[in-house]
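Good morning, and thank you for coming. Please have the sequence and the structure open while I speak.

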Amino acid sequence: MASVPFELKGKSVYVAGHRGMVGSAIVRRLARENVNLVTVERHEVDLCNQAAVFDWFAKMRPQVIFLAAAKVGGIVANNTLRAEFIYDNIAIAANVIHAAHLNRAEKLMFLGSSCIYPKLAPQPLREDAVLTGPLEPTNEPYAIAKIAGIKMAEAYRSQYGSDFISVMPTNLYGPGDNYHPELSHVVAALIRRFHEAKLSGARTVAVWGTGTPRREFLYVDDMADACVHLMKTYSSSELINIGTGEDIAIAEFARVVAEIVGYRGEISFDPSRPDGTPRKLLDIGRLDKLGWRATTSLKDGIARAYGAYLAEGQANGPQPHA
Ligand SMILES: NC(=O)C1=CN([C@@H]2O[C@H](COP(=O)(O)OP(=O)(O)OC[C@H]3O[C@@H](n4cnc5c(N)ncnc54)[C@H](OP(=O)(O)O)[C@@H]3O)[C@@H](O)[C@H]2O)C=CC1
Ligand SMILES: C[C@H]1O[C@H](OP(=O)(O)OP(=O)(O)OC[C@H]2O[C@@H](n3cnc4c(=O)[nH]c(N)nc43)[C@H](O)[C@@H]2O)[C@@H](O)[C@@H](O)C1=O
């Protein structure tokens with residue numbers, strides 16, 4: 001049954017997706033919590049494979065689960081790999097949530113996304129806006145899979161009393177991001193494009209879309225800190241948004257990235273590329289009341305992300321998520 005505050009210390013804690021950007025940040029953050037960390041590589045347990053997931057859970061019986069594994073990508077990945085985004089994300093959510101139930105896990109956190117809210121929902125996006133209108137078409141399959149995960153967590157809580165919670169992160173960035181030129185999210189894409197333009201001396205860099213959409217960006221180590229905070233303090237069927245409470249137009253954001261990377265050329269816009277949803281700003285009132293706030297400013301976060309991009313060798317080597 002649900003209990004708050006929830007003790008993490010001494011528990012076996014499974015981070016699903018521990019090699020990903022968010023999962024690896026949660027692992028870094030958990031180093032301060034005295035937990036018995038449990039992870040498994042994807043080549044050993046494919047989370048889309050129900051039998052493999054059920055066998056592994058029966059053997060390991062983790063007490064606490066951060067479900068940060070998913071098929072993830074930016075606007076073009078979501079819009080083109082539509083079948084993979086719906087199939088993988090429904091399968092991962094269904095297999096892990098049900099296995100957690102079968103093995104009587106004490107607590108599970110499901111990571112959704114701000115994409116679950118209707119395209120034209122009032123801003124800032126409140127948690128109760130879910131399922132009140134049509135979704136943004138470019139990421140509808142991903143959003144539907146995430147809504148399925150949310151509804152599973154809710155259903156297991158109401159039928160079995162499982163302490164399963166769902167958090168809705170805004171757009172995230174930081175170390176471990178995917179820098180694929182087509183499939184990544186905007187932060188990683190622009191860090192890479194401006195860096196390459198700086199090196200090649202290119203005079204113009206094209207930013208996708210019109211530059212008018214607005215997005216809210218959260219540094220991934222802040223995200224991991226919020227996840228651990230909520231795991232310890234939150235227990236409810238209600239969703240909870242994780243963001244900064246501030247957004248920025250893509251055109252202005254591009255100028256911030258260019259300045260930090262040191263690119264001095266022109267910035268143009270390519271309206272043949274999709275804009276996606278016009279605005280995504282989360283209402284963080286609930287999170288605020290629970291005593292958590294982001295601490296990394298956008299400029300500091302981008303500077304750290306750029307440092308990580310250089311340190312990870314992303315600027316020279318093969319792309320891990322390509
Ligand atoms: N990035 C963002 O801006 C946002 C992310 N989120 C959510 O946060 C969570 C983490 O995202 P993020 O860290 O950015 O994504 P990443 O792509 O960086 O990481 C995803 C992780 O999931 C693992 N994974 C994917 N499919 C499988 C599978 N079939 N079996 C086993 N493992 C699998 C990957 O394993 P491997 O490394 O082996 O490939 C990887 O470790 C996701 O739920 C995502 O939806 C929500 C909002 C915004
Ligand atoms: C986190 C969230 O991320 C996805 O949604 P999104 O917010 O649209 O994410 P994005 O980062 O890809 O784009 C943000 C904005 O930025 C613009 N933009 C400019 N130039 C580039 C560019 O070069 N690459 C990308 N990707 N976008 C660019 C782009 O046109 C758009 O207006 C979901 O599919 C889903 O995955 C999800 O959960």
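I shall speak about a helix, then a sheet, and finally the surroundings of a ligand. Please keep in mind that this is a predicted model.

Let us begin with helix α10, which covers residues 298-311. From its first C-alpha to its last, α10 reaches 20 Å, close to the 20 Å expected for its 14 residues at 1.5 Å a residue. Which residues of α10 are buried? They are L298, G301, I302, A305, Y306 and Y309. These residues lie on the same side of α10, because they cover an arc of only 135 degrees around the axis. The general principle is that an α-helix has 3.6 residues a turn, so residues three or four places apart point the same way. The buried residues of α10 pack against β6, α6, β9 and α8. On the face turned away from that buried side, we find the exposed residues K299, D300, G307 and A311. Just after α10, G313 has a positive phi of about 75 degrees.

I turn now to the sheet. It is open, with three strands in the order β11-β8-β13 and mixed pairing. β11 and β13 are the edge strands, each pairing on one side only. Strand β8 pairs with β13 in the parallel sense, over two bridges. R215 stands opposite K280 in β13.

Finally, consider ligand 2. Of the 26 residues around ligand 2, those that come nearest are G74, H185, A189, W208 and G276. The shell comprises eleven nonpolar, eleven polar and four charged residues. Which helix gives the most to this shell? It is α6, with three residues; α6 is also one of the elements against which the buried residues of α10 pack.

Notes
Residues are numbered from 1 along each chain as its sequence is written. Chains are lettered from A and ligands numbered from 1 in the order in which they are written. This is a predicted model: local features need pLDDT of at least 70, side-chain atom pairs count only at pLDDT 80 or more; totals for chains, interfaces and linings use all residues. A residue is near a molecule or strand if its C-beta atom, placed from the backbone, lies within 6 Å of it. Helices (H or I, at least four residues) and strands (E, at least two) are DSSP runs, numbered from the N terminus. Ala, Val, Leu, Ile, Met, Phe, Trp, Tyr, Cys and Pro count as nonpolar, Asp, Glu, Lys and Arg as charged, and the others, Gly among them, as polar. Two strands pair if DSSP finds at least two bridges between them. The expected span of a helix is 1.5 Å times one less than its number of residues. A residue is buried if 20 or more other C-beta atoms lie within 10 Å of its own, exposed if 12 or fewer, and partly exposed in between; C-beta atoms are placed from the backbone. The arc is that of the directions from the helix axis to the C-beta atoms. Two residues are in contact if their C-beta atoms, placed from the backbone, lie within 7 Å.
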